[in-house]
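Please keep the sequence and the 3D view open while reading.

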Amino acid sequence: MTAKLILGTEIREEILEEITREVAEIKAKHNQVPGLVTILVGENPASISYVTLKIKTAHRVGFKEIQDTQPLDIGEADLLALIDKYNKDDSIHGILVQLPLPKHIDEKKVLNAINPDKDVDGFHPVNVGRLMIGGGEVKFPPCTPAGIQEMIVRAGVETKGAEVVVVGRSNIVGKPIANMMLQKGRGANSTVTIVHTGTKDLATHCKRADILIVAAGVPDLVKPEWIKPGACVIDVGVNRVGEKVSEKTGKKVAILKGDVDFEAAKEIAGSITPVPGGVGPMTITMLMKNTLKSLKFRLGIA
Ligand code: NAP
């Protein structure tokens with residue numbers, strides 16, 4: 001058996017087209033577009049490339065987008081004042097601060113200064129609490145878990161009553177996706193188990209999973225014999241396992257591998273995400289969705 005591939009690259013295009021259409025409709029009716037600001041401190045090349053991709057995507061779907069780059073030596077008080085300025089700006093619906101910040105700045109203090117109603121990353125404690133409560137309380141589900149759930153739904157996988165096993169308990173992936181899958185409602189209503197390094201028998205838990213979500217950051221951690229035949233396997237892991245020369249650009253690029261032994265697993269699973277091209281493209285996509293949602297909340301049409 002060869003599993004159906006769940007491709008983030010394809011689902012991203014579907015969702016970005018939906019967002020573009022909705023932005024145009026809202027603009028025609030309300031004369032407003034979602035506004036997204038990304039604040040970058042310093043010139044870390046990886047951070048620049050993440051921010052550039054976010055801004056490019058925001059531009060593509062018709063948002064107002066601002067890339068606000070600040071010098072590496074900006075003081076904490078000045079950064080907090082900048083956030084306050086965007087908190088008060090009615091044309092801005094989403095504020096992102098690109099991490100990491102320089103050591104002289106308290107990251108937690110900065111992230112907590114973002115108005116929770118503009119925290120489209122969904123990491124502010126208020127939004128973490130809203131996610132835990134579930135239902136209508138949820139405003140901005142964090143982007144990677146939201147992308148995972150969307151992929152499961154769009155792949156037509158039944159979640160109601162499904163055994164979901166999540167490998168990993170990080171605050172950005174494991175805990176929020178586990179919480180989302182156990183809520184009542186669309187794409188959820190599952191029975192959820194979270195496993196981690198303290199778990200006694202990882203294999204036994206994984207073997208029970210109708211939906212196996214793996215976010216450990218360990219290449220090939222999940223062996224094919226741990227996969228229940230027909231299961232949906234979502235591999236969140238992105239591990240650099242070497243370098244190769246790109247045929248397209250002639251430059252050196254990282255060789256990426258997931259947390260699941262993909263080649264063997266795809267012969268057992270019913271559906272599976274590849275790495276790269278699986279969950280990866282969904283994160284920025286869901287960031288756009290959250291920013292659009294933020295404007296819709298403001299307009300009372302969410
Ligand atoms: P993290 O903060 O390092 O958390 C990893 C979790 O996996 C921890 O809870 C850890 O358990 C658990 N774990 C590690 N090794 C394990 C093992 N051998 N057995 C059982 N559990 C194990 O990582 P993260 O931020 O959640 O990211 C996980 C992976 O997803 C990484 O590869 C990351 O690059 C990738 N990722 C991808 C995207 C994307 O595609 N958009 C977004 C975010 C993350 P303990 O808590 O017990 O230490």
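## Basis of the report

This is a predicted model: local features need pLDDT of at least 70, side-chain atom pairs count only at pLDDT 80 or more, and totals for chains, interfaces and linings use all residues. Residues are numbered from 1 along each chain as its sequence is written, and side-chain values use heavy atoms, with hydrogens and water left out.

## Ligand site

For arginine 169, a side-chain N or O atom is 2.8 Å from an oxygen atom of the ligand. For serine 170, the corresponding distance is 2.5 Å. For threonine 197, a polar side-chain atom lies 2.4 Å from a ligand oxygen. The ligand taken alone exposes 930 Å², and the protein buries 69% of that. Accessible areas come from the Shrake-Rupley method with a 1.4 Å probe; for residues, only the protein chains shown count as cover.

Helices (H or I, at least four residues) and strands (E, at least two) are DSSP runs, numbered from the N terminus. Helix H5 spans residues 125–133. Asn127, Arg130 and Leu131 of H5 are buried. Buried means under 20% relative accessible area, exposed over 50%, and partly exposed in between (1.4 Å probe, protein chains only). Seen down the axis of H5, the buried residues fall within an arc of 100 degrees, so they line one face of the helix. The arc is that of the directions from the helix axis to the C-beta atoms. Met132 and Ile133, on the other side of H5, are exposed.

The buried residues of H5 pack against helix H7 (174–182). Contact here means heavy atoms within 4.5 Å. In H7, seven of the nine residues are buried, so this helix is largely enclosed by the rest of the structure. Those buried residues are Gly174, Pro176, Ile177, Ala178, Asn179, Met180 and Met181. They pack against H5, H6, strand S5 (163–167), strand S6 (191–195) and strand S7 (211–214).

Threonine 144 sits in helix H6 (residues 143–154). Its relative accessible area is 17%, so threonine 144 is buried. Not counting residues up to four places away in sequence, threonine 144 touches Val173, Val236, Val279 and Thr283.

Asparagine 239 belongs to strand S9 (residues 239–245). It counts as buried because its relative accessibility is 7%. Its side chain makes a polar contact of 2.9 Å with the side chain of aspartate 259. Leaving aside neighbours within four places in sequence, asparagine 239 is in contact with residues including Gly217, Val218, Pro219 and Ile255.

## Backbone features

What is the peptide bond from leucine 99 to proline 100, cis or trans? This bond is cis, with omega near 5 degrees. Proline 100 is in the loop between strand S4 (94–97) and helix H4 (107–112). The peptide bond from valine 275 to proline 276 is cis, with omega near -5 degrees. Proline 276 lies in the loop between strand S11 (271–272) and helix H10 (282–299).

Asparagine 31 is not a glycine, yet its phi is positive, near 55 degrees. Asparagine 31 is in the loop between helix H1 (8–30) and strand S2 (35–41). At 66% relative accessibility, this asparagine counts as exposed. Aspartate 220, also not a glycine, has a positive phi of about 55 degrees. Aspartate 220 is in the loop between S7 and strand S8 (232–235). With a relative accessible area of 22%, aspartate 220 is partly exposed.

Technical notes. A polar contact is a pair of N or O atoms within 3.5 Å; within protein, one must be able to donate a hydrogen and the other to accept it, and residues adjacent in sequence count only if both atoms are side-chain atoms.
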